[in-house]
Amino acid sequence: MDVLYLCDNTLTKESRCQKDQMMRSLAFFEKTYRKNELILVDFAQIAVVYVLQGALKVFICNDFGAEKLLYYVVEGCSCLANHHEEEQVYLRLEAGVDCKVCFVGFFSLMTHICEDKDSFTKMLHMISQQMAAIEANLLDLASCSLKGRICKFIAALAEQSTLFTSDGAVILKKFPSRVDIARFTGIRKRNVIKCLSELQEQGIIRKEGKRMIIVDFEQLKAEIAVGCGGKSERK
């Protein structure tokens, strides 16, 4: 399933506090950003961006102006940020909500965690998650219809949700904006709106304020199977 959120579900309140303290002690810079503000990285050294509060968005971009939203990074988790804008393909970081982050030198962090097998394993898992997100996005662009991509996006959110209605429907409490869905799937906003409207008309999803209810998850998966079976649609 696509990686939408980079998060560490093994953290307890105590271990999260310890992790925050460790990352702050290794950080060479810490800053607070407002929602949608660009997060500029010091490329004098390979950096890891650690989220202390809030969440950030990671985009992959090229020097022709194309960009795609890859995943969100939530508090207590980090991401690599070693792609400079002078390169043909690079990462762009943006505050998803008001957030506070610290910047840690990659080699300083690796020196520290190499002494701890558990921390080292988590670092490798983080890198693996990021690579999986890139690979999944590439596969979707190559093989899925527009509607198929939208359905896969919704299904991935549903798999990560722990909220349900009394009759078992999945609740997506914080459903991304149409702009974010467009950026993540590589689909124009008007087509995102059209696909979401079709899914509502089919009774597969239902909008309640900022929440999205997955009324028929089995039918949603059926739409994914159809949409990712080699059919193509024009953007």
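A: It may begin with burial: a residue counts as buried when its relative accessible area is under 20%, and as exposed when that area is over 50%. The model here is a predicted one. Cys-79, with a relative accessible area of 0%, is buried.

Q: What share of the 235 residues in the protein is buried?
A: Buried residues account for 44% of the 235 residues. The accessible surface of the protein is about 12700 Å², and 52% of that surface belongs to carbon and sulfur atoms.

Q: How many helices and strands are there in the protein?
A: The protein has seven helices and 13 strands. As for contacts between residues at least 6 apart in sequence, 72% of them join residues at least 24 apart.

Q: How many disulfides does the structure hold?
A: A disulfide is a covalent bond between the sulfur atoms of two cysteines. The structure holds zero disulfides. For Cys-79, the closest cysteine sulfur is that of Cys-77, and because the two sulfurs are 8.0 Å apart, they are too far for a bond. The sulfur of Cys-195 is likewise too far for a bond, with the closest cysteine sulfur, in Cys-151, at 7.5 Å. Cys-195 counts as buried, at 5% relative accessibility.

Q: How many aromatic pairs does the structure hold?
A: A pair of aromatic rings is described by the distance of the centres and the angle of the planes. The structure holds five aromatic pairs. One of them joins Phe-29 and Phe-103: the ring centres are 5.7 Å apart and the planes stand at 25°, so the pair is stacked. Because Phe-29 lies in strand β2 and Phe-103 in strand β9 (residues 99-105), the pair ties together parts that are 74 residues apart in sequence. Phe-29 is partly exposed at 42% relative accessible area, whereas Phe-103 is buried at 1% relative accessibility. Ring pairs also link Phe-28 with Phe-29 and Phe-103 in a cluster.

Q: Which charged residues sit over a ring?
A: Among them is Arg-92, whose charged end sits over the ring of Phe-59, 4.3 Å from its centre. Lys-68 lies over the face of Phe-184, 5.4 Å from the ring centre.

Q: Where does Asn-36 lie, and is its phi positive or negative?
A: Most residues other than glycine have a negative phi. Asn-36 has a positive phi, near 75°. Asn-36 lies in the loop between β2 (27-33) and β3 (38-39), and at 45% relative accessibility it counts as partly exposed.

Conventions
Residues are numbered from 1 along each chain as its sequence is written. This is a predicted model: local features need pLDDT of at least 70, side-chain atom pairs count only at pLDDT 80 or more; totals for chains, interfaces and linings use all residues. Side-chain values use heavy atoms; hydrogens and water are left out. Helices (H or I, at least four residues) and strands (E, at least two) are DSSP runs, numbered from the N terminus. Buried means under 20% relative accessible area, exposed over 50%, partly exposed in between (1.4 Å probe, protein chains only). A disulfide is a pair of cysteine sulfur atoms within 2.5 Å. Contact means heavy atoms within 4.5 Å. Accessible areas come from the Shrake-Rupley method with a 1.4 Å probe; for residues, only the protein chains shown count as cover. Rings of Phe, Tyr and Trp (its six-membered ring) pair if their centres lie within 6.5 Å; planes under 30 degrees apart count as stacked, over 60 as edge-to-face and the rest as tilted. A charge sits over a ring if NZ of Lys or CZ of Arg is within 6 Å of the ring centre and within 35 degrees of the ring normal.
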